[in-house]
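Please examine the sequence and the structure below.

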Number of protein chains: 2
Amino acid sequence: MTVIEKVQKGLSVANTKKREPSHTTISRTLGVAIVTGEFEPGSVLPGEIEIAESYSVSRSVVREALRMLSARGLIESKPKIGTRVRARELWNLLDPTLLEWMFEAAPPPHFVRSLFELRLIVEPAAAELAARKKTARQLASMGHALEEMAKHTLSKPEGQLADQEFHAAILEATDNEMLVSLSASIGAAVRWTTYFKFRNNKKPHDPIEEHRALFEAIADGDGERARAVTIKLIEQAERDTQRVLEQ
Amino acid sequence: MTVIEKVQKGLSVANTKKREPSHTTISRTLGVAIVTGEFEPGSVLPGEIEIAESYSVSRSVVREALRMLSARGLIESKPKIGTRVRARELWNLLDPTLLEWMFEAAPPPHFVRSLFELRLIVEPAAAELAARKKTARQLASMGHALEEMAKHTLSKPEGQLADQEFHAAILEATDNEMLVSLSASIGAAVRWTTYFKFRNNKKPHDPIEEHRALFEAIADGDGERARAVTIKLIEQAERDTQRVLEQ
DNA sequence: ATACTTATATTCTCCGACAAAAAACACGCG
DNA sequence: CGCGTGTTTTTTGTCGGAGAATATAAGTAT
């Protein structure tokens, strides 16, 4: 598995289960609170000392956590003013970490709509590119992922992992590093929708046949067909997701 | 202050005249060094104390700067190991700040190719969406930006600002917040190419007519035409950029 | 009422010390 | 010699305290 594939799947590159430093924890805790709307844009967070006391850490830890949030554009600090949450338009909604945080709660419907609209723009074009630029090695890696997927189905974690591997191989085949970054972000969101679809026992459509068709289109170098199949795949996923969100 | 910074300052929001905290400065300095390849991925940066001494700041400032870089996924710190630069595949190439840093030096050709490939995927689709979803207010804002652009031409900062306003209005009209984020990233890169095209006195093609055609297509709600014009626009920009990079 | 000065709250910066982690090393044992 | 085991050492992680800088808020004089 290449590093790129791991990125796509959101796996930590060193799969070790190490304890993270506390500034990371605090940063994520505050970040989740912000992106899920617990602190509204424009409002000011508690002062450094108060945060430090409420989490029982030192002020240095809090400051480093706040720097991590300000690097993401979530907050803005000024003396005498405090640390205020920046307007949502100033966030980078394509930051994979931000997306993960966002999915700690149910995201707003217009956000889900935006996501699928974006997928319908990007992924068909990527499939078309992949059909043109694929290498034999990448094709083999797609084929392997496809087999794994057929064996386990999407309801099991192994199958979901294979699905992500399959799509990662497609992205790698486009030979476009910005597309890879973009789909790393999208992947963070897709993982969430997949998770929710199966968590609610809704028995969604198993897209193995479409995946096979996509693979064959790419293998044949038929960009038009690859594009068409990808569109179908995403529209199906959107229907499944809508069904879950409606209740 | 570097030239690029001047350009960006001229184009960004007006009164950004205040001195930034030193952790921000250090973070950007180190970040630029990393993304321009001065520190290669996998290598370890100097220790916190060494960095602190070389910039004449305290270790706390350096630590906060490093946390900002680690939030961007550029570095990874471990006790006894040091702080090492993470693999380029783990960076988020759609982070606008990262892109700005990257353009402090001439970016690698395959990166520029990736960028225009991505623009050709995203922007035509966005134009089509905008043609379908535009509101009167957004249309008016596009019209105003177009006038400004025609008055000043792209060779002056006012004209470049108007150009950005025009495209921002289109993005806003798509009513898709992820698309807006995406083009904020792309915009950071586009500003660079615009700057370089004029810096080299190459007298590129002035795209005012195409912009007007795009505006009319959107106003008419003609998505197909909006898409076609946008493709032309980007292809022209790519040709201009290639001409500049060739020398 | 306006302009200027002062007070105040908050972040910004610095320092010095110790704790924790992980690699490197030394050592003993089979 | 090879191998596990404990020790050393280096580097980041955490802490508490102190003063400086900054921008709002309040007060004062004209």
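The model is predicted: local features need pLDDT of at least 70, side-chain atom pairs count only at pLDDT 80 or more, and totals for chains, interfaces and linings use all residues. Residues are numbered from 1 along each chain as its sequence is written, chains are lettered from A and ligands numbered from 1 in the order in which they are written, and side-chain values use heavy atoms, with hydrogens and water left out.

Sugar or phosphate accounts for 60% of the atoms of DNA strand D within 4 Å of the protein, and bases account for the rest. The side chain of Arg59(A), by contrast, places an N or O atom 3.2 Å from a base nitrogen.

The surface near DNA strand D receives at least two residues from each of helix H2 (22-35) and helix H4 (59-71) of chain A, and from each of helix H4 (59-71), strand E1 (75-78) and strand E2 (82-85) of chain B. Helices (H or I, at least four residues) and strands (E, at least two) are DSSP runs, numbered from the N terminus.

**The chains and their interface**

Chain A has eleven helices and two strands, arranged along the sequence as α-α-α-α-β-β-α-α-α-α-α-α-α. Its C-alpha atoms fill a box of roughly 65 × 40 × 30 Å, taken along the principal axes.

In chain A, 42 residues are in contact (heavy atoms within 4.5 Å) with 40 residues of chain B. The area buried between the two chains is about 3600 Å², with 61% given by carbon and sulfur atoms; buried area is the accessible area (1.4 Å probe) that two parts lose on being put together, summed over both. Of the area that chain A buries against chain B, Ile121(A), Glu177(A) and Met178(A) supply 20%, more than any other three residues.

Definitions and conventions. Near = heavy atom within 4 Å. Polar contact = N/O pair within 3.5 Å; in protein donor to acceptor, adjacent residues only side chain to side chain.
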